[in-house]
Amino acid sequence: MGRKLLLDKAHIEGIRYYDTYRKNGGYAAVEKAFKMSPADIVEEVKKSGLRGRGGAGFPTGLKWSFLAKPEGVPRYLVCNADESEPGTFKDRYLMEFIPHLLIEGLIISSYALGSHRTYIYIRGEYAWIVDILEQAIAEANQAGWLGKNILNSGFDCQIYVQRGAGAYICGEETALIESLEGKRGNPRIKPPFPAVKGLWDSPTVVNNVETLAAVVPIMNIGAEEYSKIGIGKSTGTKLISACGNLNKPGVYEIDMTISVEEFIFSDEYCGGIANGKRLKACIPGGSSVPILPANLLLKTAKGETRMMNYESLADGGFATGTMMGSGGFIVLDEDQCVVRHTFSLARFYRHESCGQCSPCREGTGWMEKILNNIENGKGKMSDIDLLWDIQRKIEGNTICPLGDAAAWPVAAAIRHFRDEFEWHVTHPDEAQIRNFGLAHY
Ligand code: NAI
Ligand code: SF4
């Protein structure tokens, strides 16, 4: 049984409410943190090895240490709760069932970074969670954990919740900042990074929900102990939202030392493939990361057991590996059609492109059209190479990572399942039959 640091109390009845959360050890981390200096907390987070849980895996303490501190200029902490990556719903679970964990993490992080006005930017579709968060913030205010002179420290802090309006791109940190400023959510060119010029041009740290919640156990158990959980540069625990053709889809907390096989097949986690079917493929880190066929998912190209952590999932690069990403673990059984799946993702990215850069604006539309043709029996063999060519021209040539995110799923699908695309072209009348190509899984 792996160690639980975030969801260990999620099963306690009433944990959503302040009194129960406090009775079960809640806010002890704030008490501990306020006895430390802000700089010491930043050091502690650095030492813990915590990496951003939104998808990029950037070291959190390092990001915090980049925060510029010009005299007389406010600094901001923004919590990215715009969880929109297809297959990703772990932040929703955390905010819905244990909201005070996030509030506690936000208070500590605001203190460490010197943010007196901290924002939670939440996707518009999570409307009911806004109410849960606002209630938790009101309870924290009432109990004196927010507001003026918290714990007689002289530090003032308030947390505000802002709803997005349903655009995926507003999860990209600079688009989020634009939206928070009341503008259209168009990503900005980086650098400058938000740590130097962010919200209202002030130094800003944008961190994911799970990242900020993880600051609480780091304070409680100490960075040293936290850094010993997990393996290598994958320290601590990670929330995984598992979905698709699984017996037990859901949100799991793992300590990143388990294998992908154990995660999919053991009863402690996903309980195997639903309806006795076979595993065909998986996208382990949300829709933007490369899909892997079962053989490369369970073992790396070197024949080593593939583990559920940043390094092992990425082993082999994009030729034979993938990414941990946001932890949105999407499983496809033998009946699923990779072409259909890729078409569905292409449609999503075309719809969500903000349109600022031509490779992304035009390329996502072209990929969707070509995939639609192939999936519906109107494709040509040359379309497969054309698709490959388009995704190559998008990757690395856009302002924000949405371009890459649209290109990578197409590239990986062609790389690993080219014969499935060819079969659709050569069998136009049967193109929508899904149970193709079992021989090689
Ligand atoms: P990124 O790698 O560009 O940046 C990571 C973070 O480090 C950013 O906050 C950036 O400001 C900071 N950073 C990097 N270099 C820096 C420097 N030199 N100085 C100061 N700060 C620096 O990645 P990004 O754009 O933040 O995230 C992309 C990832 O987001 C993708 O890998 C994808 O998996 C994930 N994603 C997650 C979604 C979700 O719903 N959770 C939705 C869409 C994408
Ligand atoms: Fe907009 Fe796409 Fe360019 Fe990102 S890559 S800025 S979403 S057009």
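## The main core

Let's start inside this predicted model: the largest nonpolar core has 113 residues, and I103 and I120 touch the most other members. Such a core is a set of buried Ala, Val, Leu, Ile, Met, Phe, Trp, Tyr and Cys residues joined through side-chain atoms within 4.5 Å, where buried means under 20% relative accessible area with a 1.4 Å probe, protein chains only. Helix α18 (residues 402–426) supplies the largest share of this core, 11 residues.

Leaving aside residues up to four places away in sequence, I120 touches a set that includes C79, L102, I103, L133, I159 and V161; contact here means heavy atoms within 4.5 Å.

## Overall build

The protein has 18 helices and 11 strands, taken as DSSP runs (H or I, at least four residues, for helices; E, at least two, for strands) numbered from the N terminus. Its radius of gyration is 22 Å, close to the 22 Å from the globule rule for 441 residues, so the protein is as compact as a globular protein of that length. That radius is taken over C-alpha atoms, and the rule is 2.2 Å times the number of residues to the power 0.38.

Of the 441 residues, 59% are buried. Among contacts between residues at least 6 apart in sequence, 69% join residues at least 24 apart.

## Reading notes

Residues are numbered from 1 along each chain as its sequence is written, with chains lettered from A and ligands numbered from 1 in the order written. Local features need pLDDT of at least 70, side-chain atom pairs count only at pLDDT 80 or more, and totals for chains, interfaces and linings use all residues, while side-chain values use heavy atoms, leaving out hydrogens and water.

Key: Buried means under 20% relative accessible area, exposed over 50%, partly exposed in between (1.4 Å probe, protein chains only).
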